[in-house]
Amino acid sequence: MKTAPITARSRIRASEFQPSQYARGQKHSLILDLRPHAADIELPVLLIQGATEGKRLVVTAGVHGDEFEGVRAVLEVCAELDPKKMTGTLLAVPVANPPAFWKGTRLSPLDQGNLARAFPGHEQGSPTQVIAFHLGQSILSHADFYLDLHSAGMKLSMPTMAGYDINDGRSRAAARAFGAPVIWGHPTISPGRTISFAASRGIPWLYTEARGAGRIDREDLRIFKRGVVNLLRHLNILPGAVEKTEPSHSLYGDGDLDACLAATWPGFLIPAAELLQEVEQGQELGRTLDAYGQVVEIFSSPRDGVLGMIRGFPLVDAKDPVFLVTGSAK
């Protein structure tokens, strides 16, 4: 059986990377070297330089190593684009957290760090801090617009959605253009995230979520790929009209999973509500049982709102997030 030829890749130190140095009208496959502070970590970079100068869209995926939809979407979109038809640049890191990705884990196996809470990072810190530092300085800082593709991962369940900065009209317009069935406007963003780093540089942003469960749902992949292409068209990097769709739900709230209802004790989770269901303050969202069927803990909604996240993996340990209730956009 024949194997596909391996594309030649250029290796470059992260501190020396400048997208403008690479020829226009071409695709470039790069290895971003994080030495000397993370000698064993290399970031894959796909740089597609349009025929003429224009805006630069930066896209990352795989910030959490158990979220695979964005990785595949980036790889497939980059393979399908023709740089000679582009005005501007797509700069993509399909696997932003290689140590976690190759183990299929949310957190890094090297230091148990959460890359989505490590920005702006530290050049001489832990492996996760080093990755965050170089992603921020060498990749995100080059963006005119930034998109971070996430999903619910192995253990959570979330609607397929695009989150945006409700205080930034550029972000709001891009969320509409992306075309996810749910959009989620955030009045505030917790520190340490890729998008909070982008915001600190004045860079407009979007992020996504999807069903997760360690699988790539065909419809989620289609929405992600269409969304990236829509965003390229919205930014006038690609010709053609945005494929417009109206969201079925518009949510409002911080969206920080670290602020979810969390379990106090281990148990087996039985949800009593569904994603995107409207709930009332005090309404039971679910409960955990022990191995004898006895109730361990009952989870009640802290407010009126919409259920934006449910733990999909039924085994729950103490401190695990189980439910997130957010608001509806007005």
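Analyst: A salt bridge here is a side-chain nitrogen of Lys or Arg within 4 Å of a carboxyl oxygen of Asp or Glu. Please bear in mind that this is a predicted model.

User: How many salt bridges does a search of the whole structure find?

Analyst: The search finds 15 salt bridges. One of them joins the side chains of R11 and E42, with an N to O distance of 2.7 Å. R11 belongs to strand β1 (residues 10–13) and E42 to strand β3, so this pair ties together parts that are 31 residues apart in sequence.

User: Which residues are linked with them in a network?

Analyst: A network of salt bridges links R11 and E42 with D33 and R35.

User: What about E76, which residue does it form a salt bridge with?

Analyst: E76 pairs with R72, and their closest N and O atoms are 2.6 Å apart. The two residues are four apart in helix α1 (residues 69–80), which means that about one helical turn separates them. E76 is partly exposed, at 23% relative accessibility, and R72 is partly exposed as well, at 38%.

User: And R170?

Analyst: R170 forms a salt bridge with D168, the closest N and O atoms being 2.9 Å apart. R170 has a relative accessible area of 46% and is therefore partly exposed, whereas D168, at 14%, is buried.

User: Changing topic: how many disulfides are there?

Analyst: A search of the whole structure finds zero disulfides. As for individual cysteines, C78 counts as buried at 6% relative accessibility, and C260 is buried with a relative accessible area of 12%.

User: What is V45 in contact with?

Analyst: Leaving aside neighbours within four places in sequence, V45 contacts F17, H28, S29, L30, L32, L91, A92, V93 and I139.

User: Let us turn to the histidines. Where is H150 found?

Analyst: H150 is in the loop between β6 (145–149) and β7 (156–157). At 9% relative accessibility, H150 counts as buried. Not counting residues up to four places away in sequence, H150 touches V63, H64, E67, A116, T208, E209, A210 and F224.

User: And H142?

Analyst: H142 sits in the loop between α3 and β6, and it counts as buried at 16% relative accessibility. Beyond four places in sequence, H142 touches F17, Q18, P19, R56, V58 and L91.

User: Finally, which residues form a nonpolar patch on the surface?

Analyst: F268, I270, F313 and L315 form that patch, with about 340 Å² of accessible area together. I270 lies in strand β13 (residues 267–271) and counts as partly exposed at 35% relative accessibility.

Definitions and conventions
Residues numbered from 1 in each chain as written. Predicted model: local features only at pLDDT ≥ 70, side-chain atom pairs only at ≥ 80, totals over all residues. Heavy atoms only, no water. Patch = residues over 30% accessible without salt bridge, like charges linked within 9 Å, V, L, I, M, F, W, Y side chains within 5 Å. Areas by Shrake-Rupley, 256 points an atom, 1.4 Å probe, with all protein chains shown as cover. Buried < 20%, exposed > 50% of the residue type's maximum accessible area, 1.4 Å probe, protein only. Disulfide = S-S within 2.5 Å. Contact = heavy atoms within 4.5 Å.
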